[in-house]
Amino acid sequence: MDTLNQLSLEVGQTLKQKGWLLATAESVTGGGISQLITDIAGSSEWFDCGFATYSNSSKIQFLDVPEALIAQLGAVSEEVAAAMAKGALVNTNADVTLSTTGIAGPAGAVPGKPVGTVCFGWAHGTVVHTERLVFTGDRQSVRQQSIVHSLKGLLKFIERF
């Protein structure tokens with residue numbers, strides 16, 4: 001079994017032990033996290049749903065991300081990642097959520113946000129944690145690293161509760 005499947009299994013076991021459901025709010029990963037999770041048989045016991053909110057309008061419509069926040073900071077910001085995670089929590093039956101928003105490349109860089117910039121959010125109750133990383137590599141590599149970091153970050157986040 002490869003590392004990604006093993007990581008997904010570990011996430012599932014941890015969520016199942018807590019009796020929690022997960023929802024995802026993905027932009028840069030395009031639903032890759034949800035796919036990885038649902039590749040695991042029995043994941044319906046701990047996975048509620050996933051949003052692949054690639055456009056700004058979908059982040060606003062489905063996750064309640066304030067339009068002004070995107071206009072002010074851009075979609076790739078820790079603040080938008082936090083809003084995405086909170087929006088997924090409010091709009092689902094999930095106990096914990098994760099979000100990803102970033103620039104996978106090869107184009108799309110803006111000043112202060114090079115290709116490979118990814119912001120992450122994790123939410124449970126009123127607690128939200130965010131991170132911003134810059135990955136190297138091609139589009140697929142940035143997305144893959146984002147998936148791994150998101151799931152590892154979720155495991156660390158869950159440990160707090």
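Okay, let's start at Ser27, which touches Thr53, Tyr54, Lys59, Met84, Thr100 and Thr101, once you leave out residues up to four places away in sequence. Contact here means heavy atoms within 4.5 Å.

Quick housekeeping. This is a predicted model, where local features need pLDDT of at least 70, side-chain atom pairs count only at pLDDT 80 or more, and totals for chains, interfaces and linings use all residues. Residues are numbered from 1 along each chain as its sequence is written, and side-chain values use heavy atoms, with hydrogens and water left out.

Back to Ser27. You'll find Ser27 in the loop between β1 and α2. When I say helix or strand, I mean DSSP runs numbered from the N terminus: H or I with at least four residues for helices, E with at least two for strands. Ser27 has a relative accessibility of 6%, so we call it buried. The cut-offs are under 20% relative accessible area for buried, over 50% for exposed, and partly exposed in between, with a 1.4 Å probe and protein chains only. A polar atom of the Ser27 side chain also lies 3.5 Å from the backbone oxygen of Thr53.

Now step back to Glu26, in strand β1, residues 22-26. A salt bridge needs a side-chain nitrogen of Lys or Arg within 4 Å of a carboxyl oxygen of Asp or Glu.

What does the Glu26 side chain reach, then? The backbone nitrogen of Ile33, at 2.9 Å. Polar contacts like that are N or O pairs within 3.5 Å; within protein, one atom must be able to donate a hydrogen and the other to accept it, and residues adjacent in sequence count only if both atoms are side-chain atoms. Beyond its close sequence neighbours, Glu26 is in contact with residues including Gly31, Phe51, Tyr54 and Met84.

Ile33 itself belongs to helix α2, residues 32-38. With a relative accessible area of 0%, it is buried. Not counting residues up to four places away, Ile33 touches Thr24, Glu26, Leu98, Thr100, Ile147, Ser150 and Leu151.

Let's look at the whole of β1. In a regular strand the side chains alternate between the two faces of the sheet. In β1 both faces are covered: Leu22, Thr24 and Glu26 are buried on one side, Ala23 and Ala25 on the other. That's 5 of the 5 residues buried, so the strand is largely enclosed by the rest of the structure. β1 runs parallel to β2, joined by 5 bridges, and Ala23 has Cys49 as its bridge partner there. Strands pair if DSSP finds at least two bridges between them.

For an antiparallel case, take β4 (117-124) and β5 (127-134), which pair over 8 bridges. Gly121 is bridged to Thr130 in β5. The two strands form a hairpin with 2 residues between them, and Gly125 in the turn has a positive phi of about 60°.

So where is the salt bridge? The structure holds 1 salt bridge. It joins Glu45 and Lys16, at 3.1 Å, N to O. Glu45 is in the loop between α2 and β2 (47-52) and Lys16 is in helix α1, so the pair ties together parts 29 residues apart in sequence. Glu45 is partly exposed, at 48% relative accessible area.

Last topic, aromatics. The structure holds 4 aromatic pairs. Rings of Phe, Tyr and Trp (its six-membered ring) pair if their centres lie within 6.5 Å; planes under 30 degrees apart are stacked, over 60 edge-to-face, and the rest tilted. Trp20 and Phe161 make a tilted pair, 6.1 Å centre to centre with 55° between the planes. Trp20 is in the loop between α1 (3-18) and β1, and Phe161 is in the segment after α6 (139-159), so this pair ties together parts 141 residues apart in sequence. Trp20 is buried at 12% relative accessibility, while Phe161 is partly exposed at 34%. Phe120 and Trp122 form a stacked pair, 5.9 Å and 10°, and both are buried. And Trp20, Phe157 and Phe161 form one aromatic cluster.
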